[in-house]
Amino acid sequence: DGGNNNAHAKLMNNITVNENVIVDGALTSDTSSLNAWTAMGKTAFASGWFGGSFDGNGKTISGLYVNETKDYYGFIGYLGKGASVKNLTIKDSYFTSTSSILGAVVGYAAVTSVVENCKLIDSIVSGTSSVGGIVGGCSYGEIISTCHVYNSTITGTGDNVGGIAGSAGDYNNEAYIRLCSVNDSS
């Protein structure tokens, strides 16, 4: 909030927000010292979504911790029309929400947005519906390409749960998921 939601950013260094968030495949038993992550772009309105580009530049962000009760959560909560996130690895991170539309990289990706060359490693994503390892939900015309999930757990209590994307497209239009993989994950 209060920042430039249409910024074009490039990550120049690896970032560790918290250490040892995931221990032996589960959330650490002591969450009291973890810094909570606040997603960029948290609403479906143009004034609140992330509408720019984020280039992870092949770097890694480790230790994101999200424990929410709202829709649209992930590293970026709501990726606006035509916006993009690419070349980013998220590792040793935990994302949960009692609401829907949760993904590690992007909660919801709007029409014609692009999520490319992103990875999720050694992490947990757990929500209700529209839960994905990379993207929780996406609109039609959206492209998810060359994204990979390794050694992670993605769960949901409702419908639309997937390793890469929880839901994609709508009844009449397609979203495009290509050259993606999920390995050693559940």
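**A lysine and its neighbourhood**

A: Leaving aside neighbours within four places in sequence, Lys-10 is in contact with Asp-55 and Asn-57, where contact means heavy atoms within 4.5 Å. The model is predicted, so local features need pLDDT of at least 70 and side-chain atom pairs count only at pLDDT 80 or more, while totals for chains, interfaces and linings use all residues. Residues are numbered from 1 along each chain as its sequence is written, and side-chain values use heavy atoms, with hydrogens and water left out.

Lys-10 belongs to strand S1. Strands (E, at least two residues) and helices (H or I, at least four residues) are DSSP runs, numbered from the N terminus. Two strands are said to pair if DSSP finds at least two bridges between them. Within this pairing, Ala-9 stands opposite Phe-54 of S5.

S5 also has a parallel pairing with strand S2, residues 15-16, over 2 bridges; there, Thr-16 has Ser-62 as its bridge partner in S5. A further parallel partner of S5 is strand S8, residues 84-91, with 7 bridges between them. Lys-10 and Lys-86 are 76 residues apart in sequence, and their C-alpha atoms are 9.7 Å apart in space.

The parallel arrangement can be followed elsewhere. An open sheet of 4 strands, paired in parallel, has the order S6-S9-S13-S18. Strand S6 (65-68) and strand S18 (153-156) are at the edges with a single partner strand each, so one side of each has no neighbour in the sheet. Neighbouring strands of this sheet are turned by 5° against each other on average, direction ignored; the axes are lines fitted to C-alpha atoms, for helices over the stretch in contact, with angles running from 0 to 180 degrees between N-to-C directions. Inside this sheet, 3 bridges connect the parallel strands S9 (residues 94-97) and S13 (residues 124-127). One of the facing pairs is Tyr-94 with Ile-124 in S13.

Ser-152 is found in the loop between strand S17 (148-150) and S18. Ser-152 is buried, with a relative accessible area of 2%; buried means under 20% relative accessible area, exposed over 50%, and partly exposed in between (1.4 Å probe, protein chains only). Not counting residues up to four places away in sequence, the residues that Ser-152 touches include Leu-120, Asp-122 and Ser-185.

In general, most residues other than glycine have a negative phi. Asn-117, however, has a positive phi near 55°; Asn-117 lies in strand S12, residues 114-121, and is partly exposed at 28% relative accessible area. Asn-160 has a positive phi near 60°. Asn-160 sits in the loop between S18 and strand S19 (161-162), and is likewise partly exposed, at 37%.

The cysteines form a further topic. A disulfide, counted as a pair of cysteine sulfur atoms within 2.5 Å, is a covalent bond between the sulfur atoms of two cysteines. By this rule the count is 0 disulfides. The sulfur of Cys-138 lies 10 Å from the closest cysteine sulfur, that of Cys-180, which is too far for a bond. Cys-180 is in no disulfide, and its nearest cysteine sulfur, in Cys-147, is 4.8 Å away. Cys-138 is buried at 3% relative accessible area, whereas Cys-180 is partly exposed at 24%.

Finally, the whole protein can be considered. The protein has 0 helices and 22 strands. For 186 residues, a compact globule would have a radius of gyration near 16 Å, and the protein agrees with this at 15 Å; the radius is taken over C-alpha atoms, and the globule rule is 2.2 Å times the number of residues to the power 0.38. Along the principal axes, the C-alpha atoms fill a box of roughly 45 × 35 × 30 Å. Of the 186 residues, 48% count as buried. Among contacts between residues at least 6 apart in sequence, 82% join residues at least 24 apart.
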